[in-house]
Amino acid sequence: MKKRGENMKELSAGEAWEKAVQTSETNLNDEDIHVLLMLSKMLGQTDVEGQISQIEITENFLEKQITEAEEEKNKNEKLYRKLGTTIGLAIVIILI
C-alpha cells in the first residue's frame, strides 16, 4: 500500500508555479506566459513584502493586458459584423 503523497515530488513555490504555467492549456499569449514565468522566479526568493510587490506588479500588467484584449475584441467584433453585413448585401445583389 502506497503512502499518501508518495508519487508527489516536493517542489518549491516557484517551481510549482512554473510547472503549472507551462502545463496549463490557456489562451494566454507569449508575453503573458513570460510574465507569469518571471513571477515564478521571484516566489520564495524574497521576503513577504517583496513577493507581494511582485505579485501586484504582475496583477497590474495582466489587468492592462485584459483591458487591451477586450478593446481589441470589441474592435474586431464591429469589423466582423460590418463585414458580414456587407457580404450578405453582396449576395442579395448578386441573386437579384
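Two residues are said to be in contact when heavy atoms of one lie within 4.5 Å of heavy atoms of the other. In the predicted model described here, this criterion applies to Gln65, which is found in helix 3. Leaving aside neighbours within four places in sequence, Gln65 is in contact with Asn29, Glu31 and Asp32. The relative accessibility of Gln65 is 13%. Because buried means under 20% relative accessible area, Gln65 counts as buried.

Two of the contact partners of Gln65, Glu31 and Asp32, also take part in the packing of helix 2 against helix 3. Two packed helices are described by the angle between their axes and the distance between the axes. For helix 2 and helix 3, the axes come within 10 Å and cross at roughly 175°. Angles over 145 degrees count as roughly antiparallel, so helix 2 is roughly antiparallel to helix 3. On the side of helix 2, the contact is made by Glu31, Asp32, Val35, Leu36, Leu39 and Met42. On the side of helix 3, the residues are Gln51, Gln54, Ile55, Thr58, Phe61, Leu62 and Gln65.

The side chains of Lys41 and Glu18 meet in a salt bridge, with a distance of 3.5 Å from N to O. Lys41 has a relative accessible area of 49% and is partly exposed. Glu18, at 24% relative accessibility, also counts as partly exposed.

Not counting residues up to four places away in sequence, Glu18 touches Leu37, Ser40 and Lys41. Glu18 and Leu43 are 25 residues apart in sequence, and their C-alpha atoms are 10.0 Å apart in space.

The count of salt bridges in the model comes to 3. Besides the pair of Lys41 and Glu18, salt bridges are formed by Glu68 with Lys64 and by Arg81 with Glu77. In the pair of Glu68 and Lys64, the closest N and O atoms are 3.9 Å apart. These two residues are 4 residues apart in helix 3, so about one helical turn separates Glu68 from Lys64. Glu68 counts as partly exposed, at 37% relative accessibility.

In the pair of Arg81 and Glu77, the distance between the closest N and O atoms is 3.6 Å. Arg81 and Glu77 are likewise 4 residues apart in helix 3, and are therefore separated by about one helical turn. Arg81 has a relative accessible area of 52%. Because exposed means over 50%, Arg81 is classed as exposed. Glu77, with a relative accessible area of 38%, is partly exposed.

A nonpolar patch is also present on the surface. The patch is formed by Leu79, Tyr80, Leu83, Ile87, Ile91 and Leu95. Together, these residues have about 650 Å² of accessible area. One of them, Leu79, lies in helix 3, which spans residues 48-95.

Terms used: Residues numbered from 1 in each chain as written. Predicted model: local features only at pLDDT ≥ 70, side-chain atom pairs only at ≥ 80, totals over all residues. Heavy atoms only, no water. Patch = residues over 30% accessible without salt bridge, like charges linked within 9 Å, V, L, I, M, F, W, Y side chains within 5 Å. Areas by Shrake-Rupley, 256 points an atom, 1.4 Å probe, with all protein chains shown as cover. Salt bridge = Lys/Arg side-chain N within 4 Å of Asp/Glu carboxyl O. Buried < 20%, exposed > 50% of the residue type's maximum accessible area, 1.4 Å probe, protein only. Axes fitted to C-alpha atoms, helices over the stretch in contact; angles between N-to-C directions. Parallel < 35°, antiparallel > 145°, perpendicular 65-115°, else oblique.
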